[in-house]
Amino acid sequence: MAESGTGLWSKKFSSDQRLTPVLALATLIAAFGSSFQYGYNVAAINSPAELMKAFYNETYYDRIGEYMSEFSLTLLWSVSVSMFPFGGFLGSLMVGPLVNKLGRKGTLLFNNIFSIVPAVLMGCSKVAESFEMIVVARLLVGTCAGWPVLLGVTGIPAALQLLLLPFFPESPRYLLIQRKDEETAKNALRRLRGWDDVDTEIEEIREEDKAEKAAGFVSVRKLFSMRSLRWQVVSIIVLMGGQQLSGVNAIYYYADQIYLSAGVKEQDVQYVTAGTGAVNVLMTVCAVFVVELLGRRFLLLLGFSICFAACCVLTAALALQDAASWVPYISITCVISYVVGHALGPSPIPALLITEIFLQSSRPAAFMVGGSVHWLSNFTVGLIFPFIQVGLGAYSFIIFAVICLLTTIYIFLVVPETKSKTFIEINRIFTKMNKVSEVHPEKMELKDFPPSASRQ
C-alpha cells in the first residue's frame, strides 16, 4: 500500500497547464508519507544488521540459555528483511477496495497506521527484549533502522502526512465518480489547477468514466485468459520479476555486508552506503528527463545490460579481492554502476509500461498482477539471499547476472517501443503479436474516449 499514493491527483496535462503550488505540495506530501517509506524501509534494515543479529542472539540466550545456531540466526534475519516486501504484497491486494471506499486521500491517511504502529513496535523492541516485535513491525510497515531509533524513524513521514494531508483536496475523480459530488470535485480541481474554469476537465472525467463502464471490468482471472492480452501480461510479469530478481534489493538490503566483504573499513561503510543512495536518487531524477527523449525500450535494454555487466565484474572482484589493494575499489564501482543502471530503466520503466500497454478496462487487473509479482519477487530475494551468500560466497551475483541477461534478451525480442505512440498504435503492435484480428473489449473503450485522452 505504500505506493498507492502515486496516482493521488494524477492527470495528464496539456501544454497550457502548469504545476501549481497546491498540486506540487500535495504530491510531495503524498510521496513523502507513502512512497518514501518504500525506499527508506528497503535500505534502513542493512545499517544496523550486525547490531540486530547480536540483539537476536542475546535475547534468545536470555530466554533459552544458549545461543542460536548459525542457520537459525540467518533464517531469523532473512525473515526480518523479507517481511517488509511480503507485507507490501498483502497491501497491494488491499489498495483497490480501500481506494474505492475511502478515496485516495483517505486511503493515504489510513495507510499511516501501518507506519506509525510499526515505528512504535520497532522503537520499543530493544527495551521489550522482543525480536518478534521487529518481525511483526516489518510485516506491518510493508503493508503501507543507534539502532531502534533508526528503525523507528519510519513513523516521522507518516506523522507529517497525517498532520498536513487533511488540508489538501481529495482526488477530483473520486469526488465526482464515487461520491457523486460535482461541486466539491470542481472546487478541488480549482485549488489544484489554479484557475476557475474546470468544466472541460470535469466533462473529460465523465467521458472517461463512461468509456470505462462501456468497456467493462477485466478481472485478474479474465486477464490471463484473454488471448488479445497474452504478450502484454507476459511482458509485465517478466519485467516486474526481472526488476526485483535482478538483485537490486540484495544490493540495498545487504549493501553494508557487500562493502565490508569488498574491504571497506567498518567506520566508512555508512558513508559509502549513503553515497550509493544519493547516486540512486540522482539517476532516477535523470531518468525522468530522458525517458521521453531516449524511449522506454532503450532505457530498459541499457539498464539491464549495465546491471548484467556490473554483476559479472562484481563477482570477479569479490572472488579476487585479496589479489591487490585496489580490487575492493572495483567492487564499489560495480555496485554504484549497478545502481546507476537500475535507476535508469529497470526501476522506473516497468510500472510506466503498464499504463501504456493496458487500457482502462484491463489496467487495474494488470497493476494487481504487476504489483504481486513485484512484491513476491522482492520477498523471495530478501528471504533467500543470505543463504545464497553462505552457499556461493563471492559467486552470489552470478545468479542475478543470468536473470539480467535473460530479461535483456526478452526485452530485445518482445517489448516494443511505446514512446510517442497512442493507445491505439501500441495495441495494434500487440494485436499482431497476439495474432488476433481485434482487441476486445478495449476497442469499445477507445471509441468512447475523448480525443485528448485517447492520444495520451
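Predicted model: local features only at pLDDT ≥ 70, side-chain atom pairs only at ≥ 80, totals over all residues.
Good morning, colleagues. I begin with confidence. The protein averages a pLDDT of 76, and 76% of the residues score at least 70. Helix α20 has the highest confidence, at 95, whereas helix α23, residues 451–454, has the lowest, at a mean of 43. Two stretches deserve mention here. Over residues 148–152 the pLDDT is below 50, and this stretch has 14 contacts in the model beyond near neighbours in sequence. Residues 439–456 also have a pLDDT below 50, with 41 contacts beyond near neighbours in sequence.

The largest nonpolar core has 40 residues. Which residues have the most contacts inside it? They are Ile-251, Tyr-259, Leu-300, Tyr-338, Phe-385, Phe-397 and Ile-411. Two or more residues each are given to this core by α13 (248–253), α14 (255–261), α15 (269–294), α16 (296–319), α17 (327–344), α18 (349–357), α19 (363–392) and α20 (397–413). Of these elements, α16 provides the largest share, 9 residues. There is also a second, separate core of 16 residues, which includes Met-226, Leu-229, Val-233 and Val-369.

Next, a helix pair. The axes of α18 and helix α21, residues 423–434, come within 9 Å and cross at roughly 95°. That angle lies in the range of 65 to 115 degrees, so α18 is roughly perpendicular to α21. Where do the two helices meet? On the α18 side the residues are Thr-355, Glu-356 and Ile-357, and on the α21 side they are Phe-423, Ile-426, Asn-427 and Phe-430.

Two loop residues come next, each with a backbone angle worth a look. Ser-420 lies in the loop between α20 and α21. Its phi is positive, about 65°, although Ser-420 is not a glycine. Is Ser-420 buried or exposed? Its relative accessibility is 66%, and it therefore counts as exposed, the cut-off being over 50%. Lys-435 is placed in the loop between α21 and α22 (442–448). Phi of Lys-435 is near 55°, again a positive value in a residue other than glycine. Because its relative accessibility is 64%, Lys-435 counts as exposed.

Gly-241 is in helix α12, residues 230–245. With a relative accessible area of 7%, Gly-241 is buried, since the limit for that term is under 20%. Not counting residues up to four places away in sequence, Gly-241 touches Ile-236, Ser-246, Val-373 and Ser-377. How many residues separate Gly-241 from Trp-375 in sequence? The separation is 134 residues, while the C-alpha to C-alpha distance in space is 9.1 Å.

The side chain of Ser-130 reaches the backbone nitrogen of Met-133 at 3.3 Å. Leaving aside neighbours within four places in sequence, the contacts of Ser-130 are with Phe-55, Arg-63 and Ser-125.

The model has a largest nonpolar core of 40 residues and a second, separate core of 16. Helices α18 and α21 cross at roughly 95°. Finally, the pLDDT is below 50 over residues 439–456. Thank you for your attention.

Conventions: Residues numbered from 1 in each chain as written. Heavy atoms only, no water. Core = buried A, V, L, I, M, F, W, Y, C linked by side-chain atoms within 4.5 Å. Buried < 20%, exposed > 50% of the residue type's maximum accessible area, 1.4 Å probe, protein only. Helix = DSSP H or I, 4+ residues; strand = E, 2+ residues; numbered from the N terminus. pLDDT = per-residue confidence, 0-100. Contact = heavy atoms within 4.5 Å. Polar contact = N/O pair within 3.5 Å; in protein donor to acceptor, adjacent residues only side chain to side chain. Axes fitted to C-alpha atoms, helices over the stretch in contact; angles between N-to-C directions. Parallel < 35°, antiparallel > 145°, perpendicular 65-115°, else oblique.
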